[in-house]
Amino acid sequence: MTGTRPEARGGSAGGHTLLQPHPRLCFLVHRRSVVVALALVLLLLTVMVVSACAGQEYVAPGEVWHTLRTGSGPHELVVAELRVPRIVLGALVGGALGVAGALVQVVTRNPLASPDVIGVGHGAAAATVLALATGAVSSPGALPVVSVAGGLAAAALVYVLAWRHGMQPSRFVLTGVGIGVGLSAVVQLYLTDSELEAAEQVKLWLTGSLNGRGWEQAGPLAVVCLLCLPGLVWASRAVRPLGLGPETAAGLGVRVGRARLGLTVLGVVLAATATGAAGPIGFVALTAPQLARRLTRTPHLPLLSSALTGAVVLVGADLVARTLLPPLEIPVGALTSLVGGPYLLWLLGRR
């Protein structure tokens, strides 16, 4: 008995390559996006290695590899317990924020939008301070769970209030801004009336930092990212027609309302979980998708490149925050906001 195995067939046009490994299975690949993604992976690995080596105590790359491979050595505490878990968490948080920002910008069709605009960060902060104020949470380990729940609840409230026989992106953004202002007022009231120690704890969390965080926060975030992978595969196909406009997408057979809802849920879950792990880190979700789009030169926002760009930005920013003014460590959220402000002004000037 003899048989034939189908061979991959391909064609190329307009910067794309059509791969068809099976008669019923085909992929349209943007060649520049693949090259950019590979370059970003190499850049991310380089930044992670440099971050593992650099610090108040320099560790050679060979010693880092020996420590990770054997789990022992003179640098076990510095490398395996302090730096590497922090670097992995930074990459996961940056990747989640990059994808979340891209999804929100696709839904709102606004390059100036981010998960913070729809209340995720403000909801997480308000839930955290309310839990501390009421004594509902006494263990610091439970705060990430509270912040995730607050971010999800705030985004759900914004979506419900913005719904009027359909979801209009402009109304969605304006409702999110209004809810965010109200939740920020709750946080400010708590900081005004609370004791100094509790206020300092909340202020540090509100700045966003990877200091003192590690596998305990990285594990749940990694699980959430893995569970979201099937949805992200669907989202990578849905963002293309939605980027052409709702009317065009509807003409192509896309159920615009359901697609927007699905993309919003994915973005909110990723952003809320990342915020719960490291606190609200500003401008990564805003800048990463636009930087990735300029690198790939695609008409739509590339989700994979957005995730890799967000990871590179956050791991690099944390490296600078750790080593810029030793022995002082700058919260990485403060550094990204400092750099992201001029970028926002530049983007507004271009528009």
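Q: Why is Asp318 called buried?
A: Buried means under 20% relative accessible area, exposed means over 50%, and partly exposed lies in between (1.4 Å probe, protein chains only). Asp318 has 3% relative accessibility, so Asp318 counts as buried. This is a predicted model: local features need pLDDT of at least 70, side-chain atom pairs count only at pLDDT 80 or more, and totals for chains, interfaces and linings use all residues. Residues are numbered from 1 along each chain as its sequence is written, and side-chain values use heavy atoms, leaving out hydrogens and water.

Q: What makes Asp318 and Arg86 a salt bridge?
A: The rule asks for a side-chain nitrogen of Lys or Arg within 4 Å of a carboxyl oxygen of Asp or Glu. Here the N to O value is 3.0 Å. The pair therefore meets the rule.

Q: Which parts does the pair of Asp318 and Arg86 tie together?
A: Asp318 lies in helix α12 (residues 303–323) and Arg86 in helix α3 (residues 76–108), so the parts tied together are 232 residues apart in sequence. Helices are DSSP runs of H or I with at least four residues, numbered from the N terminus.

Q: Is Arg86 buried or exposed?
A: Its relative accessible area is 7%, so Arg86 is buried.

Q: What makes Glu329 a salt-bridge partner of Arg86?
A: Their closest N and O atoms are 3.1 Å apart. Glu329 sits in the loop between α12 and α13 (332–350), so this pair ties together parts 243 residues apart in sequence.

Q: Why is Glu329 called partly exposed?
A: Glu329 has 31% relative accessibility, so Glu329 counts as partly exposed.

Q: Which residues are linked in a network of salt bridges?
A: Arg86, Asp318 and Glu329.

Key: Helices (H or I, at least four residues) and strands (E, at least two) are DSSP runs, numbered from the N terminus.
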